Amino acid sequence: EAKQAALTAALSSGMSPADAARTSAAATRNARSRSKRAPPPPRTPGVRNRKPMPAAARKSAEAATAAASAAGMSPENTAKMAAAAAGAQAAELALAAGKSPEEAAEAAAEAAASVMESSGMSSADIAAEAGKAAAKAAAGAGMPPAEAAKVGAAAAASTAAELSLAAGGSPAEAAEAAAEAAATAAEAAGMTEEEIE
């Protein structure tokens, strides 16, 4: 997962295939060496080119925020709850519109990432919640658990790469951020060390 995520991020940021392969190998080594790691230090995320969030997803996020705040939750947990609510609603809308499970997962990740970004969370947290929302949407659309976990890891990775590039990071840094996010998501989903790598 980490290797594929790094390769995808490197290629999509304009690297040549040979450079992308080298960058992917280095990023995978770094992610692997941190697999028994403390979480990476928070980075200030850049602003991605966000897609407009569906009104119903925004309303779900607002309702979840209000409920969590009333219950005295921390700002971080409130943001996570709102992101999950927005992601679930966005996925539901996508499926109702006849979109595929993959497209529903992508819509969920985008909505969750937007909520986390607007709440001022770190890049790592934004990517993690985007991945969780995508995995949940994929599973809800009928994907087998192992496939849904991979969809979640890929969504976390692409979000991390976007944020890294938006913050002025190099393609190599974006690839490393993607590998790290994919490895973290894969680890959280209970994948084996081989699958994580």
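Predicted model: local features only at pLDDT ≥ 70, side-chain atom pairs only at ≥ 80, totals over all residues.
Q: How many helices and strands are in the chain?
A: The protein chain has 9 helices and 0 strands, where helices (H or I, at least four residues) and strands (E, at least two) are DSSP runs numbered from the N terminus. Along the sequence the pattern reads α-α-α-α-α-α-α-α-α.

Q: And what share of it is buried?
A: Of the 197 residues, 41% count as buried, meaning under 20% relative accessible area, with exposed being over 50% and partly exposed in between (1.4 Å probe, protein chains only).

Q: What part of the contacts comes from residues 24 or more positions apart?
A: Such pairs account for 71% of the contacts with a separation of 6 or more, a contact being heavy atoms within 4.5 Å.

Q: Let's do helix packing; at what angle do helix 3 and helix 4 pack?
A: Helix 3 (residues 55-70) and helix 4 (residues 75-96) pack at about 150°, and their axes are 8 Å apart; axes here are lines fitted to C-alpha atoms, for helices over the stretch in contact, and angles run from 0 to 180 degrees between N-to-C directions. Helix 3 is therefore roughly antiparallel to helix 4, on a scale where under 35 degrees is roughly parallel, over 145 roughly antiparallel, 65 to 115 roughly perpendicular and the rest oblique.

Q: Which hand does the crossing of helix 3 and helix 4 have, and which residues make the contact?
A: The crossing of helix 3 and helix 4 is right-handed; a crossing is right-handed if the near helix is turned clockwise from the far one by less than a right angle, and left-handed if anticlockwise. On helix 3 the contact residues include Ala57, Ser60, Ala64 and Ala68, and on helix 4 they include Met81, Ala85, Gln89 and Leu93. By type, the residues of this contact divide into 11 nonpolar, 5 polar and no charged, with Ala, Val, Leu, Ile, Met, Phe, Trp, Tyr, Cys and Pro counted as nonpolar, Asp, Glu, Lys and Arg as charged, and the others, Gly among them, as polar.

Q: You mentioned Ser60; is it buried or exposed?
A: Ser60, which lies in helix 3, is buried, because its relative accessible area is 18%. Setting aside neighbours within four places in sequence, Ser60 is in contact with Ala85, Ala86 and Gln89.

Q: How do helix 4 and helix 5 pack?
A: Helix 4 and helix 5 (residues 101-118) pack at an angle of about 150° with axes 7 Å apart, so helix 4 is roughly antiparallel to helix 5. The crossing of helix 4 and helix 5 is right-handed, and the contact residues include Lys80, Gly87 and Leu95 of helix 4 and Pro101, Val115 and Met116 of helix 5. These divide into 16 nonpolar, 1 polar and 1 charged.

Q: What do the buried residues of helix 5 pack against?
A: They pack against helix 3, helix 4, helix 6 (123-140) and helix 7, and the buried residues of helix 5 include Glu110, Ser114, Val115, Met116 and Glu117. Just after helix 5, Gly120 takes a positive phi of about 75°.

Q: Moving on, how do helix 7 and helix 8 cross?
A: The axes of helix 7 (residues 145-166) and helix 8 come within 7 Å and cross at roughly 150°, so helix 7 is roughly antiparallel to helix 8. Helix 7 passes helix 8 in a right-handed crossing, with Ser164 and Leu165 of helix 7 and Pro171 and Glu173 of helix 8 among the contact residues.

Q: What about Leu163, buried or exposed?
A: Leu163, in helix 7, is buried, with a relative accessible area of 0%. The C-alpha atoms of Leu163 and Ser123 are separated by 6.6 Å, although these residues are 40 residues apart along the chain.

Q: Last one, what follows helix 8?
A: Helix 8 is followed by Gly190, whose phi is positive, near 85°.

Note on methods:
Residues numbered from 1 in each chain as written. Heavy atoms only, no water.
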